[in-house]
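These are my notebook entries on a structure I looked up. I wished to record its metal sites and some of its helix packing.

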Amino acid sequence: MFCSLPKPAAGDHADLSALFGAVATTMEAPSPTNSLASADSEALRAYSHAKQSLARQVQTLQDVCRRSGNEVRSAACRELLAKLAEDRFTLAVVGQFKRGKSSLMNALLGCEVLPIGVLPVTSAITVLRFGPTERLLVTRKAAQFPEEASVSRLSEYVTETGNPGNRKGISAVYVELPHPFLRRGLEFVDTPGVGSAVEANTATTYEFLPKCDAVVFVTSGETPFTSAEKEFLRDIREHLRKVFVVVNKVDLLAPEDREQLLRYLEASLREHVDAADLKCFPVSSRQALEAKLSGNGAGLSASGLPALEEALGRFLATERQAVLLEAIADKALRLCSEELREARAFRHLRVQAGAHPPGDAEVASQFAALRQQHVARVKELEQQVQRQLRAEIATRWEAFASAETPALERELEAELAERTKDQAVTALHWTALRVRNRLKEDVQRWWAAQQAELEQTIAEVGAASVQALWQETAALVDRLSETATVEEPVVESPAERRTLGVSWLPLGRVRWDPELPTGLKPLPLRLCRKKVRERLVGQLAGCLDNAGHLVQTTCERSLEHAVHALKTGLGDRTDRLENRARAAASGGKTAGGGRDESQAELTALRDQLLQSLGRAAPADTPAPARSADGSGSRPEPVQSLEALDLQRALSTRGCPVCDALEKVAFDFYTRFQYELSTSADAQRAFADEAGLCALHAWQLAGVSSPQGMSRGYPLWAERAAEVVTKLRGREPGESLSFAQLACSTEKCRVCELLRESAATVLARVAEFLQSAEGREAYERSQGLCLRHLEGLLGRLADGDCRGFLLSHAARRLAETAEDMRSYALKHDAIRRALVNRDERDAYLRALVHLVGARNLCVPWGEQEE
Ligand SMILES: Nc1nc2c(ncn2[C@@H]2O[C@H](COP(=O)(O)OP(=O)(O)OP(=O)(O)O)[C@@H](O)[C@H]2O)c(=O)[nH]1
Ligand SMILES: [Mg+2]
Ligand SMILES: [Zn+2]
Ligand SMILES: [Zn+2]
């Protein structure tokens with residue numbers, strides 16, 4: 001049953017916040033059910049519209065991630081899409097151990113499906129979901145396919161007795177039931193209690209939290225809201241907004257105490273968890289289940305469960321959808337911010353490449369150093385883990401072997417006892433076989449039980465190093481692009497979690513081929529029974545040693561595989577980042593992603609997600625020392641040019657003045673687009689000036705998000721509308737000029753800024769040329785573009801220097817022409833391999849020097865191919 005929801009806003013991006021908001025109000029005051037049918041379908045339409053638009057956004061994000069080659073992130077997007085498509089909603093019951101979580105779920109379902117008990121019980125994630133018939137699916141961490149089992153065996157997998165500390169390495173158990181409560185994609189999840197002596201249980205539940213869309217938090221009447229519970233609830237709130245608080249076992253309290261307890265709890269929630277919006281439900285799960293099973297209506301209402309059921313039911317029918325969308329939008333936002341941060345680093349690197357000499361070699365050598373470091377560190381990590389594993393297996397094996405020896409001896413005796421009629425050699429053969437088989441079975445069982453704990457060891461020893469290895473690569477990119485100092489105000493993106501996960505290889509065969517002295521072999525066993533027995537028992541130790549060795553080598557080989565996987569993963573990632581970094585450093589045409597439009601796309605996407613979540617978009621770029629009133633303290637352009645190193649700037653293959661201006665413009669846009677989208681003053685001034693000139697308007701658009709543009713431009717458009725309205729009164733003969741609506745290049749503030757900056761740079765060049773080293777550097781350089789050369793000549797009184805510059809330019813242009821001709825010739829003659837670097841980029845150099853650098857002449861943010 002849906003309550004009425006608003007129609008989504010027209011346009012591509014339905015505003016989820018409207019949906020969230022409306023749903024929240026319907027929660028407080030359920031709408032009257034007069035026109036149920038139409039409200040229903042309208043709500044459905046609104047929901048599916050919002051869902052489609054969110055799906056499109058996640059898809060876009062997935063495309064961007066795939067283009068940039070980030071498999072992990074694009075897989076995460078795929079998972080979000082699947083969740084949207086299936087309309088899967090995960091509601092988990094969480095709490096400290098023994099508060100009655102499993103009992104509560106049984107009470108809600110009205111049947112005893114989940115195991116409960118006095119000692120800590122639940123040890124693995126147990127997912128109840130809808131299925132046409134009852135069935136149990138068990139997924140293990142190491143296995144690819146789930147195992148199917150009967151529901152009656154549930155406790156073998158999910159309880160502390162059947163599966164202590166989750167030693168069986170179960171990732172989740174799915175219980176499919178034909179229960180109406182579970183319809184419409186609900187996953188109702190029982191989790192192990194946190195805070196018990198079994199630490200693995202706490203970890204399991206914490207790991208599961210990010211996958212939940214809402215939770216029921218269970219505390220109990222005997223020990224209401226301990227400080228550990230407060231902390232846990234705070235942790236939960238970091239991931240989730242929607243939480244139901246249940247106080248279970250209220251049957252243990254006198255009625256008057258219940259009231260008092262509730263008041264205390266609500267006050268505590270307000271005070272400690274900043275969660276005044278959370279409602280508490282007093283419940284007795286025990287009474288409720290008993291009442292349901294015996295059909296006792298009065299008992300059921302006394303248990304307090306119906307109030308919770310109603311709230312949950314209402315939530316699942318209405319609010320749940322909005323919560324699902326919100327949760328998914330939240331997760332998408334996280335991914336988007338991570339990707340954006342990376343894209344931005346590359347963009348920055350590329351823009352910088354304009355001002356410095358092509359850093360390709362430098363980038364390559366830094367990456368080479370990183371690779372070398374990786375090799376050493378991985379080796380170290382492997383040795384460290386191996387040492388630890390060896391030691392641990394040795395102790396465990398010792399314990400196993402000493403317990404196993406008597407069992408094997410018994411096996412041996414039993415077989416010999418049955419074989420009195422055989423020849424000694426035959427008896428030996430069969431006995432050895434039987435002992436080997438027994439040992440094989442025991443070792444397999446023992447080994448399966450060790451795995452989870454060994455994995456724990458590996459994780460503990462290796463976690464920090466693995467994490468550091470991954471982070472170093474990202475840090476290098478940051479360093480190269482100098483974005484290490486860039487604050488990323490979007491969402492704190494959690495570092496990608498990497499571990500050294502092992503998948504165990506199968507144990508091989510245990511070998512044991514005991515020998516008898518040749519003389520004994522043909523004798524009947526009854527004549528030499530004692531000797532044969534001694535012989536076999538004497539060689540048992542060797543048999544066990546073989547098995548121990550097998551375990552050690554299997555373990556080491558499994559570790560090798562894991563390390564190999566780590567190396568490949570690291571290597572792939574390093575390759576990917578290096579390719580992008582080098583493409584960026586050599587100033588443009590990137591191979592495989594990292595293009596500006598990705599960044600624009602991501603920024604837009606992030607803003608859409610933020611807006612649908614009802615949050616404001618942050619600054620898109622580093623906005624150092626932004627004044628609090630938002631008026632903006634724009635640093636003087638001249639200041640940002642002061643750091644310009646002319647010696648270096650002259651070693652580019654483009655025009656050093658153009659390059660410097662490009663950087664000035666970029667810095668301006670990144671600051672200005674933020675100002676324009678947030679400050680009303682800036683918008684007014686912008687409208688007064690009629691915006692920017694056509695070229696610069698498009699360049700600004702190239703680095704802005706649609707959201708930012710949509711906030712910054714309306715005032716200007718409205719001004720224009722006013723002016724056009726006034727023009728209506730003109731007589732046909734009068735001139736109808738729109739001149740005042742257009743921003744001329746004289747008035748354009750970017751043009752102005754670039755003129756000032758060009759003057760500054762040219763003055764510096766002129767001064768530089770007065771020195772011998774300046775002349776020398778210029779002599780070797782490609783020189784300035786014609787436009788800037790003209791400006792430079794205008795500031796030089798010295799005829800000698802002018803002559804030098806002019807002949808330099810003439811020579812360079814002639815050389816470029818020659819290079820282009822020979823490039824074309826070699827191509828025509830199919831001698832492409834002979835083309836040299838000068839010839840390859842001659843046409844580009846020609847363009848830059850004839851008309852100026854590309855980024856000063858065309859709108860930014862366009863496809864660069
Ligand atoms: N008196 C009373 N006892 C209850 C109630 N609900 C559960 N219990 C008891 O509390 C104990 C723990 O219940 P479980 O449902 O196993 O608790 P749990 O939170 O799932 O425990 P773990 O899975 O170990 O974290 C059992 O002995 C239940 O019988 C209740 O409403 N009243
Ligand atoms: Mg339980
Ligand atoms: Zn230039
Ligand atoms: Zn302009």
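The entries below take the basis of the model, then the metal sites, then the helix pairs.

**Entry 1. Basis.** I note that this is a predicted model, in which local features need pLDDT of at least 70 and side-chain atom pairs count only at pLDDT 80 or more, while totals for chains, interfaces and linings use all residues. Residues are numbered from 1 along each chain as its sequence is written, chains are lettered from A and ligands numbered from 1 in the order in which they are written, and side-chain values use heavy atoms, with hydrogens and water left out.

**Entry 2. Zinc ion (ligand 3).** I looked up the protein donors and found C655 (SG), C658 (SG), C785 (SG) and H788 (ND1), at 2.0 to 2.3 Å from the zinc ion (ligand 3). Donors are N, O and S atoms within 2.8 Å of the metal (3.2 Å for Na, K and Ca); water is not among the atoms, so sites may look incomplete. The donor spacing for the zinc ion (ligand 3) in sequence is C-x2-C-x126-C-x2-H. C655 lies in the loop between α17 (646-649) and α18 (656-678), and H788 in helix α25 (residues 786-794), so the pair ties together parts 133 residues apart in sequence. Helices here are DSSP runs (H or I, at least four residues), numbered from the N terminus. The four donor atoms around the zinc ion (ligand 3) subtend angles of 95 to 115°, which makes the arrangement tetrahedral; four donors count as such if all angles lie between 85 and 135 degrees.

**Entry 3. Zinc ion (ligand 4).** I found C693 (SG), H696 (ND1), C748 (SG) and C751 (SG) coordinating the zinc ion (ligand 4) at 1.9 to 2.3 Å. Along the chain these donors follow C-x2-H-x51-C-x2-C. The angles subtended by the four donor atoms are 99 to 114°, so the arrangement around the zinc ion (ligand 4) is tetrahedral.

**Entry 4. α18 with α20.** I recorded that α18 and helix α20 (residues 694-703) pack at about 75°, with their axes 9 Å apart. Axes are lines fitted to C-alpha atoms, for helices over the stretch in contact, and angles run from 0 to 180 degrees between N-to-C directions. That makes α18 roughly perpendicular to α20 (65 to 115 degrees). F666, Y669, F672, Q673 and L676 of α18 meet H696, Q699, L700 and V703 of α20, contact meaning heavy atoms within 4.5 Å.

**Entry 5. α4 with α9.** I found that the axes of helix α4 (residues 101-109) and helix α9 (residues 285-294) come within 8 Å and cross at roughly 30°. That makes α4 roughly parallel to α9 (under 35 degrees). Among the residues in contact are L104 and L108 of α4 and A288 and L289 of α9.

Conventions:
Helices (H or I, at least four residues) and strands (E, at least two) are DSSP runs, numbered from the N terminus. Angles under 35 degrees count as roughly parallel, over 145 as roughly antiparallel, 65 to 115 as roughly perpendicular and the rest as oblique. Four donors count as tetrahedral if all angles lie between 85 and 135 degrees; four count as square planar and six as octahedral if opposite donors are over 155 degrees apart and all others between 65 and 115; anything else is irregular.
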